[in-house]
Amino acid sequence: MTAVPGDAVPGERLGMVLGTEDATPVTFWFAVLPGASVQMDDLVAVRTLKPDGQPVHFYGIVDHVRTRHEGVTFDSDVADVVAGLLPASVSYAARVLVTRVDPEDFIPPQPGDEVRHARGDDLRLALSADKMDHAFAGGLLADGQVLPVNYQFVNGESGGHINISGISGVATKTSYALFLLHSIFRGGVLAQRREGHNTRALIFNVKGEDLLFLDKPNAKVQKKEGDVRARKGWPEGRYDRLGLPVEPFRDVQFLAPPKAGAGDVIVPDVEQRSEGVTPFVFSLREFCQKRMLPYVFSDAGSSLNIGFVIGNMEEKLARLAAGDDAPYLTVEDWQPDTEVLLEEDLRFDDMGKTRIETFAQLISYLEYKLLEQNDGEGDPRWVLKQNQGTLRAFVRRLRGVQKHLAPLVRGDLTPGQAAKYRPNLLASGVQTSVVDIHKLGAHAQSFVVGVLLRDLFEHKERYGRQDTVFVVLDELNKYAPREGDSPIKDVLLDIAERGRSLGIILIGAQQTASEVERRIVSNAAIRVVGRLDLAEAERPEYRFLPQSFRARAGILQPGTMLVSQPDVPNPVLVNYPFPAWATRRDEVAEPVGQQAEDDGKDWLGL
């Protein structure tokens, strides 16, 4: 993060502390001088003297400004004042919320003390930047200065996790999360810490195909940012002020689910991008060995009996899959009748064992073991005296998600395909992994998110904090709702409570923090708010915002966020630049697929 040109220039004189309003160590009013302009979110500095002559400095943020006539009594007098019939003067005043007192002698400022715009060193002290060993740019303040964000409260050293709230489509939550990643990756903080080679990001794309072009330059960024620069009258653009390159993400891999249907050809189920996207699948044996069955059920905790059956089947399938590495399963205790044989297209190996190659066949096998074997009594070692109604409910739920998971969990793969299309989020040479799940149904989305996060968490538990992985996940209220229990919610809770010590940092977003598990939201060191519904803004989850900020949250515009961090007791309003990476196909500066065409010509020698 670079300094803004002119930071060494002392801040301009704005006014004097009022004597007609109470001044305290935490808040005060000041009168704005004629010709000066003060707006909400301006940062100011005040110097006062103790009785012994020692100075005390106050730094704060303007949270309220007002003007009114002095010398008149009635509201209707304004017309006479404007007409020159009544003498009156205009009082222009601002209220300041103190963010820091230095030294910490909590005396009030005195009426008449000079108020200056905080710039340079004053700004650093106002935002406690002098306490930050490593910081990155969190955006620009209203006056164009940079907001430093303490990286040690993001990467897990002193705190961890970022939580972003706001109305969908207006609050631009994902856009700001990507900006923060860009600032971390390209702003210099990783180079200072020599961590650039082992810091990664995992981004789940849950809406459209917008995030499948992060590695492509945005054709509109120059015009958009040029317009802002001209409107502000700045000599440089926002990216220059932030010290960031106007470039897309680098070293990105894109993973997408395969199109439905069996066969040797496995292609990603995407429409807007024809190259650079790799399909991902889980082998049927991997599904059983890695105990993925619980993640099929998003409401596993709703029934104790169902939960018992799930745990029992998870153990049985893990044992069944042990001892071999073929993508499919083989069983010798299932001899289906002709109707099932034809319907499921079952095959047999050389030893006459039944080969299970599809998710539908696996469900049929479980149904046989639980409900059909032994004249409808089931295998007693699998049933374990469970009620038939519970077992039927278990099978019904599996059938309900069968069509959603069948393309993702397959045994009709060659060993080479199983290895090639297994998702590897920590692949060498990859800094950012984008997992596209927007076309999947709700159950399949939860399954993919839960399984990938569980695998990542277990990997970090085994090998420790060798690198830092930022996980960007929108719609937290769906994956970790306040009410109920589920395996994916347990994984997210583990990440929120223990992930920062392992180097897993959650950048979570949701429309309503009041509907997300409290422990996930409360463990976030950095809290960010975009446009909010005003009723939602009054919920207890937003009490970290002063009342004036909660009222303003309902009128925030896209590209503007309120950022709260531990080093600064009050939130700060920031704006951030238009994305330098394409956010949809029509923003790509070069034709999508052009690189693939060029590579093909090189291969053909053209």
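Modeller: The side chain of E236 makes a polar contact with the side chain of R241 at 2.7 Å, a polar contact being a pair of N or O atoms within 3.5 Å in which, within protein, one must be able to donate a hydrogen and the other to accept it, while residues adjacent in sequence count only if both atoms are side-chain atoms. This is a predicted model, in which local features need pLDDT of at least 70, side-chain atom pairs count only at pLDDT 80 or more, and totals for chains, interfaces and linings use all residues. Residues are numbered from 1 along each chain as its sequence is written, and side-chain values use heavy atoms, with hydrogens and water left out.

Biologist: Is E236 buried or exposed?

Modeller: E236 lies in the loop between α5 (221–232) and α6 (238–242), where helices (H or I, at least four residues) and strands (E, at least two) are DSSP runs numbered from the N terminus. Buried means under 20% relative accessible area, exposed over 50% and partly exposed in between, with a 1.4 Å probe and protein chains only. Because its relative accessibility is 12%, E236 counts as buried.

Biologist: In what order do the 6 strands close into a barrel?

Modeller: Two strands pair if DSSP finds at least two bridges between them. Strand β5 (residues 89–102) pairs in the antiparallel sense with β2 (residues 27–32) over 5 bridges, and with β4 (residues 55–70) over 13 bridges. The antiparallel barrel order is β1-β2-β5-β4-β3-β6.

Biologist: Which residue is the bridge partner of R66 in β5?

Modeller: In β5, W29 has R95 as its bridge partner. For R66, the bridge partner in β5 is A93.
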